[in-house]
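Hi there,

Here is the structure I promised to pass on. Have a look at it first, and my notes follow below.

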Amino acid sequence: MKLLFRSMLAVMIFSAVVRADADADMAKKLYDEVTPSLVAVQYQFKGETINREIVGPGIVVSSDGLVMTPLALFNLVLPDEQLQDFKIIIPSLTKDAEEVEAVFVGRDERTNTAFLRAKDKRDWKPLKFEAIDTQVGQTVYSVGLLPKSAAYKSYLMQGNVAAHLRGEVPQVLVSPGLTASGSPVFNAEGKAIGFINQGPSILLNMGENPELDMASVNNPPKFFTPASDFMQSLNDPPTAGEPQKLPWIGIPNMRGLEKDVAEEFGLKNKPAIEIGEVLPNSPGARAGLKQGNIIVKINGKALERPDEPKELPGIVGRQFKRMKVGDKVTLSVIPAAGQPAKDVEVTLDEMPMRANRAKRYFAEDLGFVARELVFYDAYREKMPSDSKGVVVALVKPNSSAAAARLQNGDIVTQLNGKPVTDLEQFKTDYSTFRKEKPQEAVVLVVIRRFPSTESIRIEPPQ
């Protein structure tokens, strides 16, 4: 009996060793195959008061040199015109990293990604993502880039799927951890099934601080986004030189119904959203949607169930964002408690221009930046949508504008007693005044909380 047990144990140990060797061989093969598809992305942020080089991770996703990177690398608060000098950096173990000039294709808010395309028409090795589900306990791998201080070497991590989370962006939890943000994730068959879109740091050039530089290694990300969530962008990426047209329904405030409120509407175990506000002249308003209406279905399908009701507005908002301008959407809406649901058809408009696309003007002598007034500025202050003026986008520290207590977000409605209509008029009037009267103070009337106003007197530097 002891001999049989020892024989069985020996077989089990031998099998485990063979499996471990096979897993190691598979991981090494995956590492070698994936590394040529990993690149670094570099650009210059050239602001009015600061210039900075930014480097982050990228993945080659097509043979013509299209590269995908997390949206966080091109933060939406950064003005488009100040993102310049794009490059793709190709790491190497045998020579210096190669820099290839690139074109910024654009941000894609539908999937929290961004894209560049290399100008060099070489034979790029793309990574192909597949929408494949994962199971708890399944082994997954990730391959990412170390920071610039480590010569952008690629490295591999292995973990197990621990849980699936539902929310605005579905996430897969992996234990013990993954490689850095911007890295692809693979299953045991070597198929690319996900993308790490968040982590302790997105930058690969944090400087000489080793703790910041190796943040993703010391504190590895634990979540990845399944490929099914961003395949839309891979199949339909933005177009270089053309601002992405996103759809808009005009319902800025929504809230997911808590259990007790949902039951009052006869919606037990059914996710639903209450409309908090419908903007005038928006698609939702034209369709007849009202504050307090309850949305229970979109195009005949029940709303996606979140882990918490508060996640529902983000889920539904992202669902609208993934549609197209001009699409007709049928919402099943309950007008009030005790009333039956009715269908409301909404035709989606194009989302109003955002601040990152607005034109800017730097009043350098006084140390402040003015930009075009956009829809969201007026909405923030509850001002009429046709309001006129410009917005203070930046106040330089220790400048004359800072000393006068001008603030970011101030809406300038008058310049030296003359109404401000738009940025071009403000720029012309300001330039003329400074040229003719360089030693006189500039007086701005600004709105900080509509309808209250303040008068700001800014003395020029002597």
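How many salt bridges does a search of the whole structure find? The search finds 28, where a salt bridge is a side-chain nitrogen of Lys or Arg within 4 Å of a carboxyl oxygen of Asp or Glu.

Before the details, two notes on the source. This is a predicted model, in which local features need pLDDT of at least 70 and side-chain atom pairs count only at pLDDT 80 or more, while totals for chains, interfaces and linings use all residues. Residues are numbered from 1 along each chain as its sequence is written, and side-chain values use heavy atoms, with hydrogens and water left out.

Now the overall picture. The chain has 10 helices and 27 strands; these are DSSP runs numbered from the N terminus, with helices being H or I of at least four residues and strands being E of at least two. The C-alpha trace spans about 100 × 70 × 40 Å along its principal axes. Of the 462 residues, 45% count as buried. Here buried means under 20% relative accessible area, exposed means over 50%, and partly exposed lies in between (1.4 Å probe, protein chains only).

Which residue does R117 pair with? Its partner is D64, and the closest N and O atoms are 3.1 Å apart. R117 sits in strand β6 (residues 113-118) and D64 in the loop between β2 (51-60) and β3 (66-70), so the pair ties together parts that are 53 residues apart in sequence. R117 is partly exposed at 25% relative accessible area, and D64 is partly exposed too, at 32%.

Another salt bridge joins the side chains of R354 and E109, at 3.0 Å from N to O. This pair links distant parts of the chain, 245 residues apart: R354 is in the loop between β20 (349-350) and β21 (360-363), and E109 is in the loop between β5 (98-108) and β6. R354 is partly exposed at 22%, whereas E109 is buried at 13%.

K324 and D236 also meet in a salt bridge, at 3.6 Å from N to O. K324 lies in the loop between α7 (312-321) and β18 (328-334) and D236 in the loop between α4 (231-235) and β13 (247-248), 88 residues apart. Both belong to a network of salt bridges that links D108, R110, D236 and K324.

There are also polar contacts to look at, meaning pairs of N or O atoms within 3.5 Å; within protein, one must be able to donate a hydrogen and the other to accept it, and residues adjacent in sequence count only if both atoms are side-chain atoms. What does the side chain of Q44 contact? The side chain of E53, at 3.3 Å. Q44 is in strand β1 (residues 38-46) and counts as buried at 19% relative accessibility. The backbone oxygen of E53 lies 2.9 Å from a polar atom of the N205 side chain, and the side chain of N205 reaches the backbone nitrogen of V55 at 3.2 Å. N205 itself is in the loop between β11 (192-195) and α2 (210-213) and is buried at 15%.
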